[in-house]
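Dear colleague,

Please find below the structure I promised to pass on to you. My notes on it follow the sequence and coordinates.

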Amino acid sequence: MIKLSPRLSQKISYLLLFLATVLAIVPGLLIISIIIAKGKDVFFAWDFLTLMPINGMLDGGIFPAIIGTLLLIIITIFLSLPIGIGAAIYLNEYAKDNLLTRMIKLSIVNLAGVPSIVYGLFGLGIFVMYLKLGVSIIAGVLTLSVMELPVIITTSRSALKSVPYLFREASLSLGVSRWDTIKYIVLPNAIPGILTGVILSIARIAGETAPLLFTAVAFYTPYLPHSIYDQVMILPYHLYITATQIPNIGKDRIFATAFMLLMIVLTMNFIAIIIRIYFRKNRKW
Amino acid sequence: MKKTKNTIIEIIIFMCGTLSVIFVVSIFIFLLKESLGFFREYNILKFITGRNWYPDSNEPSFGIFPMVIGSFLVTFGACIIAVPIGVMAALYISEIAPKYVHDILKFLVELMATIPSVVIGLIGMCTIVPFVKNFFNIPTGLTAFSGSIMLAFMVMPTIVTISEDAIHSVPWKYREGALALGATKWQAIRRIVLKEARPGIIAAIMLGIGRLIGETMAVMMITGNSASIPKSIFSPVRTMTATIAAEMGEVVKCDIHYKALFAVGLVLFIITFIVNFIADFFLGKNK
């Protein structure tokens, strides 16, 4: 084997690492650009976004799926955000290093790792069957909330952690109670970090299909949901069935649905990055 | 008055904290409850080692062995592609890229992490699947190989992000020490940084494996859903996740098939529990 000079081997290695990075990033960008290229016409087809599907989903629009996805996102965040922030505050501000805390941390790690389809089974077992909620928005939302909880706890916790310890000590030394210190000093400074986490979980929730398969989704509903006990159509599931179960559907309809879904996800990502840049500039420490 | 209010709030916060434990335990209990019902009617050994999954025949058999093989084949294939590329990309992003390139790359990786798996499945169906069919001249492109390629893209962000964190957290003085002794920057990275970051990189790989085994929608769309033991990586396979997703919609609630799918869920839960436990162990080591 030829022994390369350290200089040359550094150059070659850097080149290889750079190529690997390109290889890691480009497929993702390619996926995004294919969807945009093939689905962008939906912008000019207002009917597609605002009409109900008709004719076995071969015609009409995807309006109920868009509404369904938005509904699930809003209610899930509404449920899981307060609990997640509460849990993060407990872990970061109150918890002592004892057995219970270690159990909580291990549980969070495992909740985050449970496959989404297993959450679907869990939701089916407890919410749909045991609590008799049926296949409904509420059953789906409860399932998603349990699933998003570890993500919200983890991101909120690192936001709380990034608030310097001195802030707390200064407040406590003035005789302010622990909870008031958290409420007036720690939380306001942690909000940008928490917000970024929430927005990225919205992007995740928008794309979730597996946990909702047996808990919330309908193959097709001719009307919008009237209450939280109704089934819903959602974008990712609609995309799945149009792509795999309906053989003679137009390709442009499938890609238009994918485009809408991707737009929600990309918008959320951009909002997150804007918040991050804005608050990093205005940070006081 | 204020004091009682604060105490109440602190109790609520404590309850929020313990809720995660309650959820993990109740997920386990619900899976176990239905699975035990299944194992009363069907031998657990036959379930794990059985080679046939015929839930609808007159004498139904529920052997998950082909699905376990299917899940591992797809996961293994995706790892072979994603791990070397992902770790090398993490090295580049963390050690070599200039600051602004670093920020852009991190943003792109984060963006990739949020692409929904149905979208990845769709793209796989119209790119990789026909390509594999024509290029290798096989009857169908819906194979474990196609699934592995698409899943490799999908798991890339997990591996890159967590490896990058691990590499980034190696103290600066280690690199400076090596450089002061006359090592090139690459020698310092390869001999010192990579070695110090190893536990974190192992954790990244384990978390990636956990995600791969649990992935459902993309796998269901690309791997062909054939519940027989695959002959090679170019055969159609069916994973445990896809079996649950495809069949749960059609079963009669509470019959043996329904319970059998919960038992498959229990197997998945136990596998990911172990994988995540190992990942957490290595992450702790990294600090």
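**Findings by chain, interface and core**

In chain B, which has 287 residues, 52% of the residues are buried. Please bear in mind throughout that this is a predicted model.

The secondary structure of chain B consists of 13 helices and two strands. Along the principal axes, the C-alpha atoms of chain B occupy a box of roughly 75 × 75 × 30 Å. If one takes the contacts in chain B between residues at least 6 apart in sequence, 73% of them join residues at least 24 apart.

Chain A has 285 residues, of which 48% count as buried. It contains 10 helices and two strands, and their order along the sequence is α-α-β-β-α-α-α-α-α-α-α-α. The C-alpha trace of chain A spans about 70 × 65 × 40 Å along its principal axes. Of the contacts in chain A with a separation of 6 or more, 73% are between residues 24 or more positions apart.

Turning to the interface, 70 residues from chain B and 70 residues from chain A take part in the contact. On the side of chain B that touches chain A, the most residues come from helix H1 (residues 2–41) of chain B, which supplies 19. That side of chain B is made up of 46 nonpolar, 18 polar and six charged residues.

The largest nonpolar core comprises 191 residues. The residues with the most contacts inside this core are A:Ala258, A:Leu261, B:Val119, B:Leu151 and B:Ile159. Helix H3 (residues 65–96) of chain B contributes the most to the core, with 16 residues. As for B:Ile159, and setting aside residues up to four places away in sequence, its contacts are B:Ala82, B:Val83, B:Gly86, B:Val87, B:Ala204, B:Ile205 and B:Gly208.

A:Leu72 belongs to helix H3 (residues 63–94) of chain A. Is A:Leu72 buried or exposed? A:Leu72 is buried, because 24 other C-beta atoms lie within 10 Å, and the cut-off for a buried residue is 20 or more. Apart from neighbours within four places in sequence, A:Leu72 is in contact with A:Ile137, A:Gly140, A:Val141, A:Leu144, A:Ile205 and A:Ile234. A:Ile62 is 10 residues from A:Leu72 in sequence, and the C-alpha atoms of the two are 16 Å apart in space.

With kind regards

Conventions:
Residues numbered from 1 in each chain as written. Chains lettered and ligands numbered in written order. Predicted model: local features only at pLDDT ≥ 70, side-chain atom pairs only at ≥ 80, totals over all residues. Contact = placed C-beta atoms within 7 Å. Helix = DSSP H or I, 4+ residues; strand = E, 2+ residues; numbered from the N terminus. Nonpolar A, V, L, I, M, F, W, Y, C, P; charged D, E, K, R; others polar. Core = buried A, V, L, I, M, F, W, Y, C linked by C-beta atoms within 7 Å. Buried ≥ 20, exposed ≤ 12 C-beta atoms within 10 Å, placed from the backbone.
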